[in-house]
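Here's a quick tour of one model, taking in a pocket, a helix and a nonpolar core. Have a look at it first, then read on.

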Amino acid sequence: MKLVILDTLTLGDVNLEQFKDFGLVETYATTKENEILERCKEADIIITCKVRFSAEILQSLPNLKLIALTSTGMDIIDLEAAKSLGIQVKNVVGYSTFAVAQHALMLALALLGNLASYDGYCKNGKWCDSPIFTHITHGLHELHSKQWGIIGLGNIGKQTAKLAQAFGAEVSYTSTSGANTNSEYPQKSLQELLSSSDIISIHAPLNTSTYHLLNQANLKLLKDHALLINVGRGGIIDEEALALRMQESQIKFGSDVLEKEPMMANHPLLNPSIQDRLLLTPHTAWAYTETRERLIQKVYENIQTFLNQK
């Protein structure tokens, strides 16, 4: 068997040696669209996270039997074309639940405590010149007794709810599909959740019904001191509308995802007037060390299961 791994740079420093159990392995840090056919023309199995496979490309790879995704989302593959060509596509689910929930909590706690501002105050030498032992001009807020609203109560949303409750937050949720019901937490309409929550975290998938779910019209419902967290998908929030809403309020925003990634230059969220209320990470919530190890093991098992079926 020949295996081709197309975007190892997205995986960091994980051990890929185990895939040699299945045959010859070729690895590439990144792969552009015009490089796919040359690199994959003899591949039996392709491992990728973000390289897109159109019907045209799939039809040009006669040896291909399996695409093993290092992700949960499958939107990069033309699944109908793959099925018609007898190419199996296997993803990995549930591998990042603990890490993403932890990341959401981290963003929330850091913003509630103005961590970046106080850290900067110490490191730029201003604390050295202080006439007193403390510095609390930026304010800090407890999570205890805050209303935490969750958009999308799937596995990650549920884990986030547990963490929030452990700190004494009062959790409610809204279902973006309308199909999710959970007796543990009060369910609210989106409008009610936005207007009543002190903290809102997004854990929903991106689809036609969630694209710009938070927009210019309903962002006005947020409390002027609300804290908004997005660890779901970029595109669920209209980021330009959010930047404007932040300029007219004291809303804080923490996000691991943006509509366009990598982040575009001159993004509206980079407005200097809102930087002290903004905390961004470059799509790393899924990528904790233990999570990536779990992911690679699941990909290995997916390939093993596929081969055992043959």
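## The second largest pocket

Eighteen residues line the second largest pocket, and those nearest its centre are Asn-114, His-141, His-225, Gln-250 and Lys-252. Keep in mind that this is a predicted model. The volume of this pocket comes to about 380 Å³. Sorted by class, its lining has five nonpolar, seven polar and six charged residues.

## Helix H5

Which residues of helix H5 are buried? In this helix, which runs over residues 115-123, they are Ser-117, Tyr-118 and Tyr-121. These residues sit on the same side of H5, because they cover an arc of only 95° around the axis. Turn to the face pointing away from that buried side and you'll find the exposed residues Leu-115, Ala-116 and Lys-123. Just after H5 comes Gly-125, with a positive phi of about 90°.

## The largest nonpolar core

In soluble globular proteins, nonpolar side chains tend to be buried together. Here, the largest nonpolar core has 25 residues, and the ones with the most contacts inside it are Ile-151, Leu-214, Leu-228, Leu-242, Phe-253 and Leu-269.

Leaving aside residues up to four places away in sequence, Leu-228 touches Ile-200, Ile-202, Leu-214, Ile-237, Leu-242, Lys-252, Phe-253 and Gly-254. One of these, Lys-252, also turned up among the residues nearest the centre of the second largest pocket.

Technical notes: Residues numbered from 1 in each chain as written. Predicted model: local features only at pLDDT ≥ 70, side-chain atom pairs only at ≥ 80, totals over all residues. Heavy atoms only, no water. 1 Å grid on protein atoms, 1.4 Å probe; cavity = no way out; pocket = protein on both sides within 12 Å on 5 of 7 lines; lining within 4 Å. Points joined across faces, edges and corners; volume = space filled by probe spheres on them. Nonpolar A, V, L, I, M, F, W, Y, C, P; charged D, E, K, R; others polar. Buried < 20%, exposed > 50% of the residue type's maximum accessible area, 1.4 Å probe, protein only. Helix = DSSP H or I, 4+ residues; strand = E, 2+ residues; numbered from the N terminus. Arc of directions from axis to C-beta. Core = buried A, V, L, I, M, F, W, Y, C linked by side-chain atoms within 4.5 Å. Contact = heavy atoms within 4.5 Å.
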